[in-house]
Amino acid sequence: MFLLSKLAWLVIQPLSLSFLLIVASLLAGMARWKRLRSLLAVFASLVLFVTLFTTAGAVLLQTLEDRIARPAAPADVSCIVVLGGGFETDVTTRRGGFELNQAGDRFVETLRLARLYPQAKILVSGGDGSISGKYEGDAIVAERFFPAFGIEADRLIQETTSRTTFENVQNLKGFLDERSLKDCLLVTSAFHMPRAMGLTRKADLAMTPWPTDYRTRGDEVFGFDFTQPSLNAQLMTTATREWTGLLAYYLTGRTNTLFPR
């Protein structure tokens, strides 16, 4: 299932899909299937235009980010769970250190919470999610990250084998039960929180959502935008991935609702 999901994503992400449609259009033209060639070319152009020159990606991502709001800070926290994805592990595997990527705010916010709640354990869930399996995971990098900012190593709990969000939650249950940790804060990107909370509820894990890493302003509306095609493509790619994940998890019974609150 892991490999299948990775391969499927290589095909359905917007820019890859556009490229494959263009190739299919050229092949249809070579076979003299003129109507099919035209349909494929139009579809490829439409996907590219919406991805590059509209705010559709921002609107789709904003819908995800607004689904679950951050609550008021609790008075006491025994555990902070952060889902991996915030480090450039292909870089850190060879260079060491801790290079944050766009989702690095997951770990910056966890660091802030760790200082705010000095008694709380920090559980980092994240193994190597690459197809090759040759990189260190976020949980390994976290072993260098948190002590570098004065967080005691004995507060850290590392879950190093999960490769997907589903595996994150499945593995977390055992880690939390073993240590009798309950009612933890769950830190992940705001757009990723609906899927993560859907999984925790299915697994009967009581967690308080703590979204971070917002990518949209909060007042996005659909329209044309010719000023920043690369950013528009990035937002659309992230939104497409997350909405696809929500649909896949719901259809396979991993979550109880399509769009968890």
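In the predicted model, strand S1 (residues 79-83) and strand S2 (residues 121-125) pair in the parallel sense over five bridges; strands are DSSP runs (E) of at least two residues, numbered from the N terminus, as are helices (H or I, at least four residues), and two strands pair if DSSP finds at least two bridges between them. Val-82 has Val-124 as its bridge partner in S2. Residues are numbered from 1 along each chain as its sequence is written. Local features need pLDDT of at least 70, side-chain atom pairs count only at pLDDT 80 or more, and totals for chains, interfaces and linings use all residues, while side-chain values use heavy atoms, with hydrogens and water left out.

The open sheet has five strands in the order S3-S2-S1-S4-S5, with parallel pairing. Its edge strands, each pairing on one side only, are S3 (156-159) and S5 (207-212). Helix H6 (residues 105-116) lies across S1, S2, S4 (184-189) and S5, and runs at about 170° to S1; axes are lines fitted to C-alpha atoms, for helices over the stretch in contact, and angles run from 0 to 180 degrees between N-to-C directions.

Thr-51, in helix H3 (residues 34-53), is buried because its relative accessibility is 3%; buried means under 20% relative accessible area, exposed over 50%, and partly exposed in between (1.4 Å probe, protein chains only). Beyond its neighbours within four places in sequence, Thr-51 is in contact (heavy atoms within 4.5 Å) with Pro-14, Leu-15, Asn-232, Ala-233 and Met-236. Phe-19, by contrast, lies in helix H2 and is exposed, with a relative accessible area of 53%.
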